[in-house]
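Here is a short tour of one protein chain, written for someone new to reading structures. Have a look at the model first, then follow along section by section.

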Amino acid sequence: MAPIFGDRQKATRKPAAGSSTMTSGVDKPAFVFNAPGSTQSNGFFRTQDQQAPPQNFGQPQSEEEEEGWDMGDDAEMDDSRAITAYDDEEEEEPELNMQPELLAFAVKLDESNMLQSAQLGTEESTMIAINLIQAYQIYAGEHVEETAQVLEELENTAEEDLKEGHAQELYHTKEILKYWELEHQTWELFGALISHRLDAENYMTQDVPPSLANKYAADSQIRNHFFTTDPSFRELTIVLEWLRRYAPAPTADDIEEDALYRGDRGWMYTKEKIKGCKRLQGRGLSLGNEAELDKVVTELDPDAPSRQQRKLEDEDEAWEAYLMRLVWGFLRKGEMDNALELCEDAGEFWRAASLSGGADAWDAKIDGPHENDDGEIVKGNRRRELWKRMCYANASNKTKNVYERAVYGTLCGDIASVLPVCDSWEDLLFVHVNALVEGYYSSKLKKLQRIPAVVSNFPLFDAISYHARHDSLNDASIMSRIIDEIAENNEIADSKLPLRTIQGSLISMRFHDPVIELDRQLQLFETVPDYEPTADENAYGLDATEPRSLRVIVHILMILQTIGAGFTEGTEYHKAAENVIAGYIMTLGGYDKYELVPLYASRLTPLKAIQVMGKSLASFEGSKSRREDLIRSMHQYGIDVDGCLRQTMIQCLTMTEPKYVNTLSSAQGFVFNGFQDEIASEDIRLIRGMEWLMLGSEELRGDLVRSGCEVYKRFLLTGRLSAAKILFEQLNSRSIIPPKNTNGYDETFEEETDLVDETAVAGAMYMQMEGLIASMVELEKWQSAIKKPMRIDRTLPRKLKPLYDSVSRSVPDIIKNFLDEPVFLSMPGVVEIRGIYIPEMVISLHRVHVEAGRLINKVYYMNALELAADVADPERNTVDCFKGTGRLEEYVEEVAAASKCVLMAGQEQGKEKEGIWGVVA
């Protein structure tokens with residue numbers, strides 16, 4: 001089977017045994033569509049009593065009805081010409097509330113069980129896909145109805161009740177309605193085409209059977225034969241019917257336009273002019289403007305303008321143009337019966353007769369009873385091909401008004417005469433498809449020698465030769481060239497709309513093109529920071545940042561993947577498709593619909609799912625309960641949770657890395673004054689990355705401690721102590737690793753979890769950096785306490801003693817042991833961290849001892865001197881931390897001052913307790 005939507009990947013679909021239909025034993029939604037010439041449609045004829053019964057939007061029909069895709073009822077969703085670009089003077093469009101529709105589409109996707117389609121048979125997968133398309137069409141149809149109701153209420157608002165901004169609200173409501181009409185039509189087109197193309201493999205072009213080969217058989221039977229056996233002709237007819245269905249038919253207001261409507265009075269100005277001339281000429285008088293009179297017809301029969309090469313009075317010419325514009329509107333809609341009635345109401349019965357020649361002939365005595373037997377034995381036109389050539393002659397007559405030429409051009413399948421009246425993407429496509437359908441039909445009749453030679457002598461536009469390179473509808477490039485030509489027409493406002501681009505790609509079997517284009521844009525966003533799709537001349541009307549068109553494309557390609565109709569794994573199209581789905585996943589995150597992300601990620605290959613989920617979760621800012629819900633959802637859809645969480649942490653580290661370039665320098669002389677710095681968004685992202693890792697399995701414990709060390713290093717090197725404090729409080733080492741042993745290494749941790757030495761060292765490093773923050777917390781408490789106004793009395797030492805004890809327990813260990821081992825000192829950033837914080841911790845602890853000696857007990861002065869001895873210990877690297885800081889001299893002065901305090905304290909107490917300080921007063 002040929003590719004059904006154009007990515008050159010063959011769809012793997014196997015029909016049921018003994019069945020020529022798409023499914024066996026399973027009802028599929030009905031696409032009620034009949035060949036032109038049958039009961040419900042006959043070229044431009046679809047009379048009121050022949051129309052199919054109204055149906056709800058896309059509702060499946062009963063088992064007895066014809067299989068196919070239901071195009072819905074014939075409701076007038078007036079004009080899908082949605083134009084989303086506003087005039088310069090218009091206000092900015094209100095922000096779309098995308099969340100409801102994002103959720104609705106995801107729910108319908110989930111409920112469809114499409115994710116399980118790989119385990120189902122091909123027929124079941126196809127049914128799931130078709131039902132899902134139908135659900136999306138219904139959803140869009142509901143929005144059409146709801147928005148139309150809102151619009152009606154706005155339009156009915158009394159003028160005196162108009163509020164400020166009403167006009168703008170009215171405008172945007174109309175635009176919303178146009179959008180949903182267009183999306184509804186897109187899903188309908190997709191459903192019709194996918195239903196037809198999946199069945200196309202069962203079609204086999206057959207020769208005309210002997211019963212139709214005789215010259216007395218009705219041409220309409222020939223048309224029906226090729227409609228049921230030639231998939232190319234059937235598809236064109238489906239597209240033509242789709243284009244007619246949503247064309248905006250003239251309304252009663254259009255018909256009874258005050259300035260032009262005149263009922264059945266016909267060419268009354270020309271009639272009065274002729275009568276006046278005859279009266280004056282009978283009296284031998286002159287009107288004085290004979291030159292002008294020579295240009296006006298002198299007779300009122302329908303052929304007079306052509307025969308005399310003269311025109312009507314200007315008012316009558318305007319009336320004719322107005323009437324023909326309405327007639328063309330009805331023909332564009334496929335409602336010939338209304339066009340004929342309009343002409344008859346206008347008194348132009350001759351016009352109605354000339355237009356009605358397009359009905360295929362049917363003789364009940366020869367062709368059998370008609371499907372819709374209305375008592376007529378013979379109906380239609382056995383000289384339809386001759387009639388078409390006469391229509392072509394009228395369409396080619398440049399003296400006629402543009403709409404009259406378009407009317408006859410439409411009837412005969414011409415293109416050039418109809419293009420001037422087209423003002424939308426649909427109109428242009430209709431002209432070409434209508435010409436191809438008429439051209440195909442005529443070519444088949446000619447091949448079967450059913451067109452007399454004398455008739456063939458009259459010229460007729462040949463759309464097949466005009467469009468096809470091989471004089472056949474099987475030329476796959478026909479629709480591609482037509483769609484491209486329309487898209488390049490800058491005079492058509494809606495030719496660049498995203499949904500028009502999507503519709504064109506579906507019709508021309510090039511759906512891979514918009515997917516590849518969006519993939520290109522998404523890659524540019526990664527490499528070009530200021531890339532803007534709207535300024536990209538190669539964007540083809542698509543914008544990867546526009547959520548609605550992205551939503552439609554993603555769900556179409558997922559449906560095609562389900563039925564095996566393209567984007568096969570391992571191809572370039574599959575890679576592009578995955579990138580587009582990934583882009584949609586990031587869009588979901590942008591609208592805070594993270595709960596939907598696992599559903600779509602499950603449609604990706606495992607490695608791609610990990611990459612995309614990791615990137616998405618790195619931007620998540622929800623609560624812990626929402627994170628836990630996401631983890632459960634990932635398990636539900638079979639996603640590698642640990643892999644995703646690991647990738648999330650990698651993404652957090654990668655995304656924030658540029659924010660931590662400007663590090664502190666030991667030469668700057670860091671001074672600790674508490675946790676006063678602000679917490680930045682990148683700090684929060686890193687902490688959240690750690691929190692994600694906490695939700696994984698035991699296998700992630702090593703990743704957790706290694707990542708924690710990197711995060712701590714970033715915070716400490718850039719002086720972000722508030723962020724480090726939050727990490728210390730929320731991800732304490734006790735919650736992720738067992739307690740360390742006395743040597744500082746987590747040997748128990750290493751032994752129990754069978755991890756490599758690197759992870760064990762990382763665990764020890766994590767705890768030491770956590771210890772640094774813990775000691776700063778205690779320092780802050782002390783500093784805060786002594787800064788407060790206090791009353792120095794006998795109770796003060798008792799209040800400060802616990803704080804002093806906490807500082808004395810935590811800070812000395814940091815000064816002596818903080819990352820002061822070869823295994824740590826060889827790591828990047830460790831020496832710098834020690835150079836920034838060790839000098840400050842030494843000086844801060846020194847000052848704590850001095851303050852404690854002053855406020856608690858003078859005995860604590862001596863602890864300051866003991867600290868100096870520890871700092872000077874040659875077996876440790878503490879003194880090295882002061883090098884390059886410029887603070888060693890400051891510390892020496894502080895020690896000298898402390899020595900004086902010791903001496904003074906000794907002098908005061910020496911007389912009473914001589915020798916207690918080890919010095920003589």
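This is a predicted model: local features need pLDDT of at least 70, side-chain atom pairs count only at pLDDT 80 or more; totals for chains, interfaces and linings use all residues.

## The overall picture

How much of the protein chain is buried? Of its 921 residues, 53% count as buried. The accessible surface of the protein chain is about 43000 Å², and carbon and sulfur atoms account for 49% of that. Then there are the contacts between residues at least 6 apart in sequence: 74% of these join residues at least 24 apart.

## Rings that pair up

Let's turn to the aromatic side chains. Two rings count as a pair if their centres lie within 6.5 Å, and by this rule there are 23 aromatic pairs. Take Tyr-136 and Trp-187: their rings form a tilted pair, 5.0 Å centre to centre, with 50° between the planes. Tyr-136 sits in helix 2 (residues 122-155) and Trp-187 in helix 3 (residues 166-199), so this pair ties together parts that are 51 residues apart in sequence. Are these two buried or exposed? Tyr-136 is buried, at 0% relative accessibility, and Trp-187 is buried with a relative accessible area of 0%.

A second tilted pair is made by Tyr-804 and Tyr-860, at 4.5 Å centre to centre and 45° between the planes. Tyr-804 belongs to helix 34 (residues 796-817), while Tyr-860 is in the loop between helix 36 (830-855) and helix 37 (861-871), so here the pair ties together parts 56 residues apart in sequence. Tyr-804 is buried at 2% relative accessible area, and Tyr-860 is buried at 14%.

## A ring cluster, and charges over rings

Tyr-136 and Trp-187 turn up again in a cluster: ring pairs link them with Phe-105, Tyr-139, Tyr-179, Trp-180 and Phe-190. Phe-105 has another neighbour too, as Arg-551 lies over the face of its ring, at 4.2 Å from the ring centre. Elsewhere, Arg-223 lies over the face of Tyr-441, at 3.8 Å from the ring centre.

## Salt bridges

How many salt bridges does a search of the whole structure find? The count is 47. Arg-223 takes part in one of them, with its side chain meeting that of Asp-360 (3.2 Å, N to O). This pair links distant parts of the chain: Asp-360 is in the loop between helix 13 and strand 1 (362-363), Arg-223 is in helix 5 (residues 219-229), and they are 137 residues apart. Both Asp-360 and Arg-223 are buried. Arg-500 and Asp-494 also meet in a salt bridge (3.3 Å, N to O), and both of those residues are buried as well.

Another salt bridge joins the side chains of Glu-710 and Arg-714 (3.4 Å, N to O). They are 4 residues apart in helix 30 (residues 701-717), which means about one helical turn separates Glu-710 and Arg-714. An α-helix has 3.6 residues a turn, so residues three or four places apart point the same way. Glu-710 is partly exposed at 30% relative accessibility, whereas Arg-714 is buried at 10%. Salt bridges that share partners also build one network from Arg-223, Asp-360, Arg-384, Glu-385, Lys-388, Arg-389 and Glu-438.

Which parts does helix 16 pack against? Its buried residues pack against helix 11 (314-333), helix 12 (336-345), helix 13 (349-355), helix 15 and helix 17. Helix 16 is mostly covered, with 9 of its 11 residues buried; among them are Arg-405, Tyr-408 and Cys-412.

Pro-420 lies in the loop between helix 16 (402-412) and helix 17 (425-447). Pro-420 counts as exposed, at 55% relative accessibility. From C-alpha to C-alpha, Pro-420 and Arg-405 are 9.6 Å apart in space, and they are 15 residues apart in sequence.

## A nonpolar patch on the surface

Last stop: the outside. Leu-386, Met-390 and Phe-458 form a nonpolar patch on the surface, and together they have about 240 Å² of accessible area. Met-390 is found in helix 15 (residues 384-395) and is partly exposed, with a relative accessible area of 37%.

Note on methods: Residues are numbered from 1 along each chain as its sequence is written. Side-chain values use heavy atoms; hydrogens and water are left out. Rings of Phe, Tyr and Trp (its six-membered ring) pair if their centres lie within 6.5 Å; planes under 30 degrees apart count as stacked, over 60 as edge-to-face and the rest as tilted. Helices (H or I, at least four residues) and strands (E, at least two) are DSSP runs, numbered from the N terminus. Buried means under 20% relative accessible area, exposed over 50%, partly exposed in between (1.4 Å probe, protein chains only). A charge sits over a ring if NZ of Lys or CZ of Arg is within 6 Å of the ring centre and within 35 degrees of the ring normal. Patches are made of residues with over 30% relative accessible area and no salt bridge: like charges are joined within 9 Å, nonpolar side chains (Val, Leu, Ile, Met, Phe, Trp, Tyr) within 5 Å. Accessible areas come from the Shrake-Rupley method with a 1.4 Å probe; for residues, only the protein chains shown count as cover. A salt bridge is a side-chain nitrogen of Lys or Arg within 4 Å of a carboxyl oxygen of Asp or Glu. Contact means heavy atoms within 4.5 Å.
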